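Thanks for making time, everyone. I have one model to walk through, and I'll keep it short.

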Amino acid sequence: MTSQNEHPTRPGLAAMLADQTAACAPAREALLAGGELRLFDRELPDWMVRGIAATRLRRARRIGLTTVGLDESVEILSRHRDVPFRTGLLDAPDRSWFFTLYFNAAGTELLACSAVKNQPATRKPTRRPGP
């Protein structure tokens, strides 16, 4: 994301994974250990990215999934209104954790990072009553 059409190298992205959230250090380790990385070129509207992150946080809490930095990411994303984002996904080499990376529209700055542990839910999902 050195330009709008170029993705950063693994070391470049590792350098971007600073202290934005508590998930950045484990994401950096997973990246440097060879985790599967997918960076998306498409800009997404702020409301969509914020909504997906907030929904993921609510669902994870409801069914008992372990998360790192997801609450922090939701808060950081809520400060960036009316600006598009780019996202990326990183799977730990052993697939024990799944990371979501949140970039500015140009893809030159990492704003937040969150992680969800690959584990069975500890509680059954509850359904909302229908209409």
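**A buried cysteine and what surrounds it**

Start with Cys-113. Its relative accessibility is 0%, so it counts as buried. Keep in mind that this is a predicted model. Every value I quote is computed from it.

How far is the sulfur of Cys-113 from the closest cysteine sulfur? The distance is 4.6 Å, to Cys-24, and that is too far for a bond. The cut-off for a disulfide is 2.5 Å between the sulfur atoms. Look at the other partner. Cys-24 is buried as well, at 0% relative accessibility. Its closest cysteine sulfur is the one in Cys-113, at 4.6 Å, again too far for a bond. The disulfide count comes to 0.

Next, the strand around that cysteine. Cys-113 sits in E5, where it stands opposite Leu-101. Is E5 enclosed or open to the outside? Of its 8 residues, 7 are buried, so E5 is largely enclosed by the rest of the structure.

E5 pairs on two sides. With E4 it runs antiparallel, joined by 7 bridges. The hairpin of E4 and E5 has 5 residues between the strands. Within that hairpin, Gly-107 takes a positive phi near 80 degrees. With E2, E5 also runs antiparallel, and here there are 2 bridges. Thr-67 has Val-116 in E5 as its bridge partner.

Let me zoom out to the sheet. It is open, with 5 strands, and the pairing is antiparallel. The order reads E1-E3-E4-E5-E2. Which strands stand at the edges? They are E1, residues 36-39, and E2, residues 67-68. Each has a single partner strand, so one side of each is left without a neighbour in the sheet.

E1 pairs with E3, residues 85-91, in the antiparallel sense over 4 bridges. In one of these pairings, Leu-37 has Leu-90 in E3 as its bridge partner.

Two helices come next. H4, residues 70-78, packs on the sheet and touches E2, E3, E4 and E5. Its direction makes about 150 degrees with that of E5. H3 spans residues 46-63. It lies across E2, E3, E4 and E5, and runs at about 155 degrees to E4.

Stay with H4 a moment. Which of its residues are buried? They are Leu-70, Ser-73, Val-74, Ile-76 and Leu-77. Seen down the axis of H4, these buried residues fall within an arc of 165 degrees, so they line one face of the helix. An α-helix has 3.6 residues a turn, so residues three or four places apart point the same way. And what covers the buried residues of H4? The cover includes H3, along with E2, E3, E4 and E5.

Asp-91 is in strand E3. Is Asp-91 buried or exposed? It is buried, with a relative accessible area of 6%. The side chain of Asp-91 makes a polar contact with the side chain of Arg-38, at 3.3 Å. Setting aside neighbours within four places in sequence, Asp-91 is in contact with Gly-35, Glu-36, Arg-38, Trp-97 and Phe-98.

At 42% relative accessibility, Glu-36 counts as partly exposed. Its side chain also makes a polar contact with the side chain of Arg-38, at 3.0 Å.

Beyond four places in sequence, Glu-36 touches Leu-89, Leu-90, Asp-91 and Arg-95. Take Leu-89 as one of them. It lies 53 residues from Glu-36 along the chain, and their C-alpha atoms are separated by 8.1 Å.

One last stop, in helix H1. H1 covers residues 10-16, and Pro-11 is found there. Pro-11 has a relative accessible area of 57%, so it is exposed. Its C-alpha atom is separated by 8.7 Å from that of Leu-31, 20 residues apart along the chain.

To close, back to the cysteines. Cys-113 is buried, Cys-24 is buried, and the disulfide count is 0. That's my tour.

How values were computed:
Residues numbered from 1 in each chain as written. Predicted model: local features only at pLDDT ≥ 70, side-chain atom pairs only at ≥ 80, totals over all residues. Heavy atoms only, no water. Pairing = 2+ DSSP bridges. Contact = heavy atoms within 4.5 Å. Axes fitted to C-alpha atoms, helices over the stretch in contact; angles between N-to-C directions. Buried < 20%, exposed > 50% of the residue type's maximum accessible area, 1.4 Å probe, protein only. Polar contact = N/O pair within 3.5 Å; in protein donor to acceptor, adjacent residues only side chain to side chain. Arc of directions from axis to C-beta.
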